[in-house]
Structure formats: structure tokens, C-alpha cells
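Subject: Structure handover

Hello,

The structure is below, followed by notes on what was found in it. Please read the notes with the coordinates open.

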Amino acid sequence: MYNGSSITPFEKKIYLASPTMHEKERQYVKEAFDTNWMSTVGKNIDEAERLAAEKTGRQYAVALTTGTAGLHLAAKLAGISAGTRVFCSDLTFIATVNPISYEGGIPILIDAERTTWNMDPAALEKAFALYPDVKHVMIVNLYGTPCRYDELRAVCDRHGAVIIEDAAESFGAQYKGKAVGALGSLSVISFNGNKIITGTSGGMLLTDDAAFAEKARKWSTQSRDNAPWYQHSERGYNYRMSNMVAGVIRGQMDSLDAHIAAKKAIYDRYKEGLKDLPVTMNPFDATNSTPNFWLSCMTVDPEAMCSQTRDDCHPTYIKEHGKSCPTEILETLLSFNVEGRPLWKPMHMQPLFAENAFVAADEPVDEDLFRRGLCLPSDINMTAEQQETVIAIIRHCFD
Ligand SMILES: *Cc1c(COP(=O)(O)O)cnc(C)c1O
């Protein structure tokens, strides 16, 4: 591990991705306070929904407590129930998969492809050959990078399957002139504290189907029937967004483009600063898509990997001259008070999904990316100068 004397640890921690607030958020929250709209009803909610629908070009947006709640309602709306098999992205955060299980569905995990790190259309085709009856596909747009949607869509169309789009990390990204979040019949974005814009928490279900939107609204407020007393004929949830949270989101909407520009600058700086090292930045399809660059990631090239082992919860590595590995880089960054993270550990490698089927690409991708990959600090609050220091620290790992 590099501990050269010319660089000293940061006094204030450099984060992976922390909230970036502006004055508007404070104003809208204060307005909610001052007018006593301190519940799950109010102008902030209406406006946050309107803006989310407008920015993604969708007919309806339903404001919810979290993105996970949105994915749960989406799974239920799409008809996932006990025993339903669902094809699902394998390289993702667990919140993509859990909502399938909430309804008793059975996730079948699908490998990624190397050009976007999202679901591999060829592996999906393979999965339909193995499970021809599957009618639901849950597709993530990871780290702000759009999936190869048209190819995936074509496979799904051939098999009459509906797409649920997890756009939690990718609000603001574009695919062939369309917004990510407008690709699935049901799509979900998140306003969790580390996302491109945040409400401290929060999520939004997006759809063009009026019946879906109406159902989601009803289910998210305990499924009250229209009666003078509490009358219920369906199971419901307490998933509605708070007007306080919505105030923060409403304010942040104004800064979405600025946040994306800042994230892109971070990505470009890494790309330039690391270009002569044996590493590769997370890829995207520049012809057909514009990511929101939420997280900058890199993989260590295969020939430059030093020996690294990981059991269920602990990694080790052996330092080698001219080589490195995610474990060394992350431990070194941490010693300088910098937060990074391994790539999201693939779902088929999780003990929770040990019994679930996994359909690998012809040359498996996810395990390899997990072994060689890491998320770099991509915090908008990080200055360019601080980032240059982070880059210098990474460079020294390859000494
Ligand atoms: C953050 C995230 C979610 C869930 O969003 P929450 O608002 O935190 O519930 C879902 N999927 C992915 C890929 C995410 O990164």
C-alpha cells in the first residue's frame, strides 16, 4: 500500500456521493413548514411529480417514500405474484431484486454485457430458451449508464414480456433521445441521499398508463376505498412521499442538469488522469446514449491485477510491483480519508440468492467485473484539486 510522504490524508473525508444542496430546497421546505403542509399532501408533492413526469417525458409520476417502494408497486402492477419467474439484472444493487421477492416472485438473474455493464441481450435470449414462459423482465440502468434498451426490448417483444425499468441511479440519462425512466412500461427513479439529486430519501414511479398510476396512488395510501369510513377491499401500503421530502426534491430538480455536468466533469477528469495506467473506466454507448455519470468506476486491466482473494466478508491481496487491485486501491484511498467502494457484488454471488438460477453470458462478465472493479469517489462536493490528489493516490498504487 502506498504511504508516501508527499501526500497527506484529507482532513475532511472525500465521499463516494453525498448530497449537494442549494437554497431552493430550503425555501420549499420552509414553505411547507410555514403553511403547515407537513404531511403526505401538498404543493411540493404535486410539483415534484409534475417535474419528474416532465423531465422524463412521461404521462404520470407517483411520489413514494423510496425507489424500493416504487419497484415493489411496479412489480405488483406488472402482475408478479407468488411463484412468478422474473428475469432480473444480476449486476445491481439489491433493491432491484428484493421487490420481486416481496410478491413471492422468483428472480432469475441475468449476466451483464461489457459495453454498458447492463443486462446482456444475448444472455436474456438464452434465458428465454431455458424458461420460455417468463413474462417479466426487470432491467437496471447501472451507475447512470443506459442499458442497450432496443436490443433488450426486441428480445422481450419476441417473447411477449413486459419490462420494468430500474432507473434509480440514472435519472437524467438519455437513450436515443428518450429519457431513462421512460423506457419501461413501468419505471422507477430514486431520490435516496446518494443519488444524482436527492430528497434525503424518496422515489417516483413513472408510467404512461393512467390505470397503473391510479392503482399505485391508491396502494401507496393503504388502499382506501371511496367511503366515509376506512373501507378497504385490497391490500395497501404506507408508501406515499412526505411533503417535506418533496420540497427538497422540488428544489433539487432545478439542479439536475448542473449535477450531471459536474458528474461528467468528474468522469472526464478520471479518464484523463488515469489514461496511461492499466485501468479502464466504466463504459457506455456514446453513439446511442448519454449517461448521467452518477458514479465513475474503473476496472484494473486483467494483466495488471495483483493477487487478490475475497471470502464472504474479507478481502486480502499481495502487493506486486507495477500491479494493483481494487482491494489495494480502496484500502489506500481509505488511509487518505477517501471513500471508494467495490463494484456492486453480483446478486448470484449473494448468499440470499444462492438457490436462484443465474444465466451467464457465453463468456461470464459479472464475476470478472466484480473482481477487478471499483467505484471511485464521485462526489460533486469534491474539488478538481482534491480529485487530482485522489488520482495521484491511485497512480501510486501501481508503483
Ligand atoms: C438506490 C437504488 C434503488 C432503490 O432506491 P431507494 O430509494 O434507496 O429505495 C434501486 N435500485 C438501484 C439500482 C439503486 O441504486
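**Ligand site**

Aspartate 166 places a polar side-chain atom 2.7 Å from a nitrogen atom of the ligand. A polar contact here is a pair of N or O atoms within 3.5 Å; within protein, one must be able to donate a hydrogen and the other to accept it, and residues adjacent in sequence count only if both atoms are side-chain atoms. Taken alone, the ligand exposes 380 Å², and the protein buries 94% of that (accessible areas are from the Shrake-Rupley method with a 1.4 Å probe, and for residues only the protein chains shown count as cover).

Before the rest, the conventions. This is a predicted model, in which local features need pLDDT of at least 70 and side-chain atom pairs count only at pLDDT 80 or more, while totals for chains, interfaces and linings use all residues. Residues are numbered from 1 along each chain as its sequence is written, and side-chain values use heavy atoms, with hydrogens and water left out.

Two further polar contacts involve oxygen atoms of the ligand. A polar side-chain atom of threonine 68 is 2.5 Å from a ligand oxygen, and a polar backbone atom of glycine 67 is 2.7 Å from a ligand oxygen. The ligand is surrounded by 16 residues, the closest being Thr68, Asp166, Glu169, Ser190 and Lys195 (a residue is near a molecule or strand if one of its heavy atoms lies within 4 Å of it).

Asp166 is also touched by threonine 96, whose other contacts are Leu71, Cys88, Met138 and Val140, not counting residues up to four places away in sequence (contact means heavy atoms within 4.5 Å). Threonine 96 sits in the loop between β2 (85-89) and α4 (98-102). Its relative accessible area is 2%, so threonine 96 is buried (buried means under 20% relative accessible area, exposed over 50%, partly exposed in between, with a 1.4 Å probe and protein chains only).

**Overall fold**

The protein chain has 12 helices and 17 strands (DSSP runs numbered from the N terminus: helices are H or I of at least four residues, strands are E of at least two). Its radius of gyration is 22 Å, close to the 21 Å that the globule rule gives for 399 residues, so the chain is as compact as a globular protein of that length (the radius is taken over C-alpha atoms, and the rule is 2.2 Å times the number of residues to the power 0.38). The C-alpha trace spans about 75 × 55 × 40 Å along its principal axes.

Of the 399 residues, 55% are buried. The chain exposes about 16900 Å², of which carbon and sulfur atoms supply 52%. Among contacts with a separation of 6 or more, 71% are between residues 24 or more positions apart.

**Helix α8**

In helix α8 (residues 243-253), 10 of the 11 residues are buried. The cover over those buried residues includes α1 (23-35), α2 (43-56) and α9 (256-273). At the start of α8, a side-chain oxygen of serine 242 comes to within 3.0 Å of the backbone nitrogen of methionine 244.

Lysine 43, in helix α2, is in contact with Asn243 and Arg250, leaving aside its neighbours within four places in sequence. The C-alpha atoms of lysine 43 and asparagine 243 are 7.5 Å apart, although 200 residues separate the two along the chain. Lysine 43 has a relative accessible area of 52% and is exposed.

**Strands**

An open sheet of four strands runs in the order β10-β12-β17-β15, with antiparallel pairing (two strands pair if DSSP finds at least two bridges between them). Its edge strands, β10 (279-281) and β15 (341-342), each pair on one side only. Three bridges link β10 to β12 (residues 297-300) in the antiparallel sense, and valine 279 stands opposite valine 300 in β12.

Elsewhere, β13 (residues 307-310) and β14 (residues 315-318) run antiparallel and share four bridges. A hairpin of four residues connects β13 to β14. Threonine 309 has threonine 316 in β14 as its bridge partner.

**Backbone angles to check**

- Glutamine 222 has a phi of about 65°. It lies in the loop between α7 (210-220) and α8 and is partly exposed at 39% relative accessibility.
- Phenylalanine 293 has a phi of about 55°. It lies in the loop between β11 (289-290) and β12 and is buried at 5% relative accessibility.

Regards
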